[in-house]
Amino acid sequence: MNQPIIWVHGDCLSPYNPALKAYPDVPAIWVWDDVLIAEWQLSLKRLTFIYECLLELPVTIRRGDVATEVVAFAQEHNANLVVTAESPSPRFDAICDEIENSMSLEVLAIEPFLDYDGYIDLKRFSRYWKVAQKYVFR
């Protein structure tokens with residue numbers, strides 16, 4: 001039998017995260033991704049917003065290499081399965097590959113906010129919203 005933990009990431013910071021819904025009583029983790037924060041030059045305002053979202057979720061907060069921290073958290077909880085919600089991020093795929101080198105991974109589908117399969121710049125919400133609003137407010 002699988003003993004899971006949940007990995008919450010920035011593309012599904014919601015109490016309606018399908019992983020949190022599917023496994024409501026298992027430990028969950030969020031990892032501040034130092035590389036991503038530096039690469040995307042996330043502002044203090046954005047980091048504060050993310051932190052405020054995290055305060056509403058049942059997560060343990062860590063910092064560092066995401067895959068390393070998620071696997072360590074799973075091992076600390078004697079888990080052999082990491083459960084998370086899907087993400088369109090190429091970085092997400094790379095992290096998932098690293099996690100799967102150590103244990104099983106289950107990626108749950110999320111209900112899309114909008115039906116769009118073109119490119120959207122995900123670095124800034126305003127850039128995302130410029131594209132998304134055309135499809136949301138039809």
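Q: What covers the buried residues of H4?
A: In this predicted model, the cover includes E1, E2, strand E3 (60-64), strand E4 (81-85) and H5.

Q: Which residues of helix H4 (residues 66-76) are buried?
A: They are Val66, Ala67, Glu69, Val70, Val71, Phe73 and Ala74. Each of them falls under the 20% limit on relative accessible area, because that limit is what buried means here. In an α-helix, residues three or four places apart point the same way, because there are 3.6 residues a turn.

Q: What makes Ile29 count as buried?
A: Its relative accessible area is 0%. The term requires a value under 20%, so Ile29 qualifies.

Q: Where is Ile29 found, and which residues is it in contact with, leaving aside its neighbours within four places in sequence?
A: Ile29 is found in strand E2 (residues 28-33). Its contacts are Ile5, Ile6, Trp7, Val8, Val59, Thr60, Arg62, Glu69, Val70 and Phe73. Among them, Glu69, Val70 and Phe73 are buried residues of H4. A contact needs heavy atoms within 4.5 Å, so each listed residue has an atom that close to Ile29.

Q: How far apart are Ile29 and Val8, in sequence and in space?
A: They are 21 residues apart in sequence. C-alpha to C-alpha, the separation is 5.9 Å.

Q: How many aromatic pairs does the count come to by the rule for ring centres?
A: Rings pair if their centres lie within 6.5 Å. By this rule there are two aromatic pairs.

Q: Why is the aromatic pair of Trp7 and Phe92 called stacked?
A: The ring centres of Trp7 and Phe92 are 5.4 Å apart, and the limit is 6.5 Å, so the rings pair. The planes are 15 degrees apart.

Q: What does the pair of Trp7 and Phe92 tie together?
A: Trp7 lies in strand E1 (residues 4-8) and Phe92 in helix H5 (residues 90-100). The pair therefore ties together parts that are 85 residues apart in sequence. Both Trp7 and Phe92 are buried.

Q: Why is the aromatic pair of Trp30 and Trp32 called edge-to-face?
A: The centres of the Trp30 and Trp32 rings are 5.4 Å apart, with 85 degrees between the planes. An angle over 60 degrees counts as edge-to-face, so the name follows.

Q: How do you know whether Trp30 and Trp32 are buried or exposed?
A: Trp30 has a relative accessible area of 6%. For Trp32 the relative accessibility is 15%. Buried means under 20%, so the term applies to Trp30 and to Trp32.

Q: Does Cys96 count as buried or exposed, and what is it in contact with?
A: Cys96, in helix H5, has 5% relative accessibility. The limit is 20%, so Cys96 counts as buried. Leaving aside its neighbours within four places in sequence, Cys96 is in contact with Trp7, Leu105 and Val107. Trp7 is also the partner of Phe92 in the stacked pair.

Q: How far apart are the C-alpha atoms of Cys96 and Ala19?
A: The two atoms are separated by 15 Å. Along the chain, the residues are 77 apart.

Q: What makes Gln41 count as exposed?
A: Its relative accessibility is 62%. Exposed means over 50%, so Gln41 qualifies. Gln41 is found in the loop between helix H2 (34-40) and helix H3 (44-54). Its phi is positive, near 50 degrees. Most residues other than glycine have a negative phi.

Q: What makes Asn78 count as exposed, and where is its place?
A: Asn78 reaches 65% relative accessibility. The limit is 50%, so Asn78 is exposed. Asn78 follows H4, in the loop between H4 and E4. Its phi is near 50 degrees, a positive value in a residue other than glycine.

Q: How do you know how compact the protein is?
A: The protein has six helices and five strands, in the pattern β-α-β-α-α-β-α-β-α-β-α. Its radius of gyration is 15 Å, close to the 14 Å that the globule rule gives for 138 residues. It is therefore as compact as a globular protein of that length. Its C-alpha atoms fill a box of roughly 45 × 30 × 30 Å along the principal axes.

Q: What part of the 138 residues counts as buried?
A: The share is 40%. Among contacts between residues at least 6 apart in sequence, 60% join residues at least 24 apart.

Definitions and conventions: Residues numbered from 1 in each chain as written. Predicted model: local features only at pLDDT ≥ 70, side-chain atom pairs only at ≥ 80, totals over all residues. Heavy atoms only, no water. Phe/Tyr/Trp six-rings, centres within 6.5 Å; stacked < 30°, edge-to-face > 60°. Helix = DSSP H or I, 4+ residues; strand = E, 2+ residues; numbered from the N terminus. Buried < 20%, exposed > 50% of the residue type's maximum accessible area, 1.4 Å probe, protein only. Rg over C-alpha atoms; globule rule 2.2 N^0.38 Å.
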